[in-house]
Amino acid sequence: MSTLRRKPEDEPAYLWTGEFADPVLEDNYLRASWDEIHSRLGAVLIAVYVFTSWMVFDFITLGFSWSFVALSAGRLVALGSILLALKFFRAPGDQRYFMFCAILTQALVAIIAPLSLMLGEVDFAAALLSIVVILFAFYIGVPTRLTTNLALSSLLCIGFVAVTPSLGEVSAITMLEICVLFAVVNAIGVEMVRAANRLRRNGFTTLLRQQELYDELKREVGVRQEAEQAVRATEESFQSIFYAAPLPISLIDPATFRVMQANMAALQLFDVEDEDVSGLDVRQLFQENDLPARLDRLVLKGRAGAPVELGMKRMDGEPIHVLVSAAIVHFQGRRAMLLGLQDVTARRREAEALRDARDQATAASRSKSEFLANMSHELRTPLNAIIGFSEALERELFGPVGNPRYREYAEDIHNSGVHLLSLINDILDLSKIEAGHFKLHEDETDLDHVVQSAMRIVRHRAQQANIDLACNLPDPSLVVVADERALKQVLINLVSNAVKFSPDGGEISISGQLASEYLRISVTDRGCGISKDDIPRALTPFTQLDGSLSRQHEGTGLGLPLAKHLTELHGGVLTIESEIGQGTTVHIELPLSRVVTREEPKGVAAY
């Protein structure tokens, strides 16, 4: 068996019959389970006796005829074959002869049983029942291989089907039912044998692994015995190191959980006097109900196991948290449990404080997002009224307002309301995104249409600042799957930002390029630019790079962060390339999977 040891994680391969695929392993299993195989065939002996005694009924129905003599001789040979196997082939080395005798007995039963039923004119129902019983006996009792059992059982079924017409008038439907019955019985027998074979061999492999563990345990015991001798030889050195160790260490009797020894660090940790430590039950210092089981698991982990944090208390009742490591050692000729302790009470409290702070920060952020969303909804309603009424006054829909200044004031109110509404919409969108409530309404949309719509909205502001807008998109136009409103909002924010920071008479270009993995839309200006260190700040909500009270550019700092979030919701990436005094380029890279038309653009080089 030692030559067959395998690592516990190596599972042996099995044949469809449930036997080992490795012939050497299978042969060793048969040798190891020889007594069981021998006894299983012995259990079939009673059935063979009954089979042999059936010659009495053959004599009654056939008389002393050649048929009776042939059937009786076959029955006696079957009985003699099984007796020969049981009486003379007892050793595992006789396995081949033993199996031959078992197969011979099965074969004789499979041949003689249908012939005896036919010649004896046995009732059809009784004959069918006899054959079914014999089939189950083959599969359950006879310890031959499954392929042999299946072949001989099939032979028995074919023989019975062949003699069925002589047992009575049987219709074609009944013959078909008999065939189905035999198929079911054989299938059940095969599955039973397969399951039993696999179960027995699993038990065999388990025994092999237990043998491995036993041998390893023996080796470990030998190593520990050598270690004991070394420890006894250096016990004085051990004692000095033990007491001088800076970390708390104690030796516990694993049977009674009483302290055998403890160093000074352990005494100080639990506020115990040296004279009170002897015989102290360590369980009263732990807050664990299943302390023995926990320590046993720690010991089983050995050196590879990490320390476990347990709740403890000092002698004055003050609770503390300690990392505990455990190992079994031999001390003064007997087993002892060595406990290594590390006080982590302060670290535990810091972790709890940090966790509470994190929870509070998360709750505050959630409350902020919900507050902004709710307030934005509340503010939009009166703003819509202000914008509508001011627009009516500005256009004098219900007649002249009289003084021209009133119309100017109405225009100022309208522009301020529209500006404030756009800011509130930005805050609402950003709050929805942070709260995870912003949902895209995606559909196929023309990229040129989205870009031109965004440019129309920003063009008036650009013309007021004497800035030209240029567009260079792929030809033919691309169709993308996106939320048209969100994508338009991204472009409006980027182009508006570029207009805000571009000098008088400057130019802003919007270009598109189709690469092998993504669609890139770029917005480029020749404005003041952003330093590389300030780019992360520019993508932070409510951040203005020009943070002084006298800053030149208006805004809340939501344009770029909102554009970044909306791009990421589409599965894309927003990046910024900029240099001070050279201008800024913002790239929107959308996955290529969002592009519906993928013809090679004309006049635009892919990179």
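Reply: Here is a walk through the charge pairs, then the helices, then a few loops.

Some ground rules come before the details. Numbering starts from 1 along each chain as its sequence is written, and side-chain values use heavy atoms, with hydrogens and water left out. This is a predicted model, so local features need pLDDT of at least 70 and side-chain atom pairs count only at pLDDT 80 or more, while totals for chains, interfaces and linings use all residues.

On to the salt bridges. Side chains of opposite charge can pair when their charged atoms come close. The cut-off used here is a side-chain nitrogen of Lys or Arg within 4 Å of a carboxyl oxygen of Asp or Glu. Searching the whole structure turns up six of these, and I'll go through some of them.

Start with the one that spans the chain. Arg594 pairs with Glu442, and their closest N and O atoms are 2.7 Å apart. This pair ties together distant parts of the chain, 152 residues apart: Arg594 sits in the segment after strand 12 (583-591), and Glu442 in the loop between helix 13 (404-435) and strand 6 (443-446). Helices (H or I, at least four residues) and strands (E, at least two) are DSSP runs, numbered from the N terminus. The two ends also differ in cover. Arg594 counts as buried because its relative accessibility is 13%, whereas Glu442, at 39%, is partly exposed. For those labels, buried means under 20% relative accessible area, exposed over 50%, and partly exposed in between (1.4 Å probe, protein chains only).

Now a local one, within helix 8 (residues 172-233). Arg224 and Glu220 meet through their side chains, N to O at 3.4 Å. They are four residues apart in that helix, so about one helical turn separates them. Arg224 is partly exposed at 43%, and Glu220 is partly exposed too, at 38%. Another pair joins Arg537 and Asp534, with 3.4 Å between the closest N and O atoms. Arg537 comes out at 38% relative accessibility, hence partly exposed, and Asp534 lands in that class at 24%.

Ile140, Leu176, Val180, Val184, Ile188 and Met192 make a nonpolar surface patch of about 520 Å². Patches are built from residues with over 30% relative accessible area and no salt bridge, joining like charges within 9 Å and nonpolar side chains (Val, Leu, Ile, Met, Phe, Trp, Tyr) within 5 Å. The areas themselves come from the Shrake-Rupley method with a 1.4 Å probe, and for residues only the protein chains shown count as cover. Helix 8 supplies the largest share of the patch, five residues. Leu176 belongs to this helix, and its 52% relative accessibility is why it counts as exposed.

Next, helix packing. Two packed helices are described by the angle between their axes and the distance between the axes. Here axes are lines fitted to C-alpha atoms, for helices over the stretch in contact, and angles run from 0 to 180 degrees between N-to-C directions. Helix 2 (residues 34-53) packs with helix 5 (residues 95-119) at about 30°, the axes being 12 Å apart. Helix 2 is therefore roughly parallel to helix 5; under 35 degrees counts as roughly parallel, over 145 as roughly antiparallel, 65 to 115 as roughly perpendicular, and the rest as oblique. With helix 4 (residues 66-88), helix 2 makes an angle of about 160°, axes 10 Å apart. That makes helix 2 and helix 4 roughly antiparallel. Helix 2 passes helix 5 in a left-handed crossing, and its crossing with helix 4 is left-handed too. Left-handed means the near helix is turned anticlockwise from the far one by less than a right angle, right-handed if clockwise.

Helix 4 also holds Leu84, partly exposed at 35%. Its C-alpha atom is 9.5 Å from that of Tyr97, 13 residues apart along the chain.

Last, the backbone. Most residues other than glycine have a negative phi, and most peptide bonds are trans. Asn466, in the loop between helix 14 (447-464) and strand 7, has a positive phi near 55° and is partly exposed at 46%.
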